[in-house]
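Me: I have a model open on my screen and would like to learn how to read a few of its features. Could you walk me through them?

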Amino acid sequence: MRASALRFTTALGALFSAAALAGPAHAAELIEVNVESANRKVTIASFDPIGQSFTAISDTLTSIGFEFSTLNPTAANSAITLDIFAGETLSGTSLFSTSFFLPASIVDRSVEEFVDIALPNIAVSNGNLYTAVLNTTSNRAALVTGPGFVPQTGMFLGGDAYSGGQLLAGGRSLFSNCLGETNNCDANFRVTGELVAGAVPEPATWALMLLGFALAGGALRTVRAAAARETQDLEATPA
């Protein structure tokens, strides 16, 4: 009986070890929006502030990036300030603030380049709205936005590319389809984060857990069989 009990305890140990390895798991998440931009580039300083709202699909934010160009290559390459706000807003209490510069490789409007900014694992609520807001004092930096527009025909080259947020601007002279309730504009942007709560265990972890269950089940059957034999031996022993 003691040997069987020992095997059962060992199996349970393997099972609990597998369960411990299963959590919490971290799953990388990504939002990436690339709209049909065509001639749509928005000079940031003309609309200070300007931002993109988005719906979090993770518990933390680890980076955010925008696609930049320039309509004024001779202007000073001044610092661009990034703020992250809770909600769909261009102001409030910043969850995180930093400054960065447009890469020197962006020399004219023909160049469109993503710039990613690392974030220090900013805690967010999965499914809630947040806004990344940009400010700068120079009119060098421009955001690549969409949907694209053909001036000759007045036709748009697409609809709302991202339903989880929208392009927001302080200036009233932003494209008419980027204002009000019918706003269908977005910047080309991407957000990365990690989903911790309720993450699915890795395949190797599942295998280890299943092995633990199998060992526990086998040990339990052994214990029951040993107990049954001891009972039969006791019943067969003369009083």
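Reply: Gladly! Let's start with a loop: Pro147 sits between strand S9 (142-146) and strand S10 (149-150). Keep in mind that this is a predicted model.

Me: What is the peptide bond from Gly146 to Pro147, cis or trans?

Reply: As a general idea, most peptide bonds are trans, and most residues other than glycine have a negative phi. Here, the bond leading from Gly146 into Pro147 is cis, its omega being near 10°.

Me: You mentioned phi. Which residue other than glycine has a positive value?

Reply: Look at Asn121, where phi is near 50°. Asn121 belongs to strand S7 (residues 113-123), and with a relative accessible area of 48% it is partly exposed.

Me: How should I read the nonpolar core?

Reply: In soluble globular proteins, nonpolar side chains tend to be buried together. The largest nonpolar core in this model has 39 residues, and those touching the most other members are Ile50, Phe54, Ile64, Phe66, Phe68, Leu82 and Leu134.

Me: What is Phe66 in contact with, leaving aside its neighbours within four places in sequence?

Reply: Its partners include Phe114, Val115, Leu134, Leu143 and Phe189, and among them are also Gln52, Glu113 and Asn188.

Me: And how many disulfides are there?

Reply: The idea is to look for two cysteine sulfur atoms within 2.5 Å of each other. That gives one disulfide, joining Cys178 to Cys185 with an S to S distance of 1.9 Å.

Me: Are these cysteines buried or exposed, and what is the handedness of the link?

Reply: Both Cys178 and Cys185 are buried. Their link is left-handed, with -70° about the S-S bond.

Notes. Residues numbered from 1 in each chain as written. Predicted model: local features only at pLDDT ≥ 70, side-chain atom pairs only at ≥ 80, totals over all residues. Heavy atoms only, no water. Buried < 20%, exposed > 50% of the residue type's maximum accessible area, 1.4 Å probe, protein only. Core = buried A, V, L, I, M, F, W, Y, C linked by side-chain atoms within 4.5 Å. Contact = heavy atoms within 4.5 Å. Helix = DSSP H or I, 4+ residues; strand = E, 2+ residues; numbered from the N terminus.
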